[in-house]
Amino acid sequence: MKPLFKSMLFCNEEWDWSDVSLPAMVQPKLDGVAAYKSGGEIWTKRGKPFPNLHINMFLKETLEEGMDCEIWHPDMAFHQVSGFCRRIKDTPPSGWCAVVYDRSRPYVTEPYSKRYQRLLSWYSSSTHLHKEQKIQVMDSVICHTVDEIEAAHILNVGRGQEGSMIRAVHAPYYHGRTGIKDGFGFKFVGLEYDTAVFHGCTKNSNAQKAETLIGSIVALHPKWGVIHVGSGFGHALSADMYANPGRYRGQVFTFKYKKHGTDEKPRQPIFVDFEGK
């Protein structure tokens, strides 16, 4: 069973609210690292074994087959959570938690509202989990109107979460990316726009199979210093920047990045265009 990939909906984009399936269950979008249990093992959302051995073993002994969760820490930014999840032998910091939000097997065709109730029953009957405090079930509220969805989302953001997940109460389990019409799995993420100066580029290590020749643009920013912008440029521009970096060196370009979770460096920067183009 493959995990859910959340389709992203940026809060500064316009879209048709009528596409949302109601009623819907609204949950906070935690800024963490996804994991799920399949075949008795713990996997990342990319289908690789979960790296940190301490978390891997705990989840393997604790989760039921088919459960999806988010590894999260209430006092840490995403890059910090991602860091301790990647370190194989390190003991994770006190306070980390796995927040369970779905269970696929063997309930793939059941509506999400019923699968969610199964999670609550599982948690309430597992009293030893309450002492550990390393497992939680994702908070959820049922909304019957668009206004209620927006209010729940504002509350989630006000509490410092990355955004909201909206799931139709009737939705079966999906894997792969899901769209708005599925009424399942998308999030609101605020974007910021900024500019930087082109300095050079790195080569894509998998250039023969990739759509672009360069791995990232190396740029200079007055606040963050050297930054790497790794997406947003097409094949033609990528090929020209790689072949003629001197032509672009010193040029100012616009990029966008996720506002939430940005600290020492802009989070997930995406190239937009060179100024004057």
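Colleague: Is Phe 271 buried or exposed in this model?

Modeller: This is a predicted model. Buried means under 20% relative accessible area. Phe 271 has a relative accessible area of 4%, so Phe 271 counts as buried.

Colleague: What is the relative accessible area of Phe 253?

Modeller: Phe 253 is also under the 20% cut-off. Phe 253 is buried, and its relative accessible area is 0%.

Colleague: Are the rings of Phe 253 and Phe 271 stacked, edge-to-face or tilted?

Modeller: The structure holds twelve aromatic pairs. In the pair of Phe 253 and Phe 271, the ring centres are 5.5 Å apart and the planes stand at 40 degrees. Under 30 degrees would be stacked, and over 60 edge-to-face. The angle of 40 degrees falls in the rest, so the pair is tilted.

Colleague: How many residues apart in sequence are the parts that this pair ties together?

Modeller: Phe 253 lies in strand E16, residues 252–258. Phe 271 lies in strand E17, residues 267–274. The pair therefore ties together parts that are apart in sequence by 18 residues.

Colleague: What is the angle between the planes of Phe 255 and Tyr 257?

Modeller: Both Phe 255 and Tyr 257 are buried. Their rings form a tilted pair, 5.8 Å centre to centre. The angle between the planes is 35 degrees.

Colleague: Which Trp belongs to the aromatic cluster that holds Phe 253?

Modeller: One cluster includes Phe 253, Phe 255, Tyr 257 and Phe 271. Among the other members are Phe 198, Phe 233, Tyr 248 and Phe 274.

Colleague: Which ring does the charged end of Arg 167 sit over?

Modeller: A charge sitting over a ring must be within 6 Å of the ring centre. The charged end of Arg 167 is 5.1 Å from the centre of its ring. That ring belongs to Tyr 112.

Notes:
Residues numbered from 1 in each chain as written. Predicted model: local features only at pLDDT ≥ 70, side-chain atom pairs only at ≥ 80, totals over all residues. Heavy atoms only, no water. Phe/Tyr/Trp six-rings, centres within 6.5 Å; stacked < 30°, edge-to-face > 60°. Helix = DSSP H or I, 4+ residues; strand = E, 2+ residues; numbered from the N terminus. Buried < 20%, exposed > 50% of the residue type's maximum accessible area, 1.4 Å probe, protein only. Lys NZ or Arg CZ within 6 Å of the ring centre and 35° of its normal.
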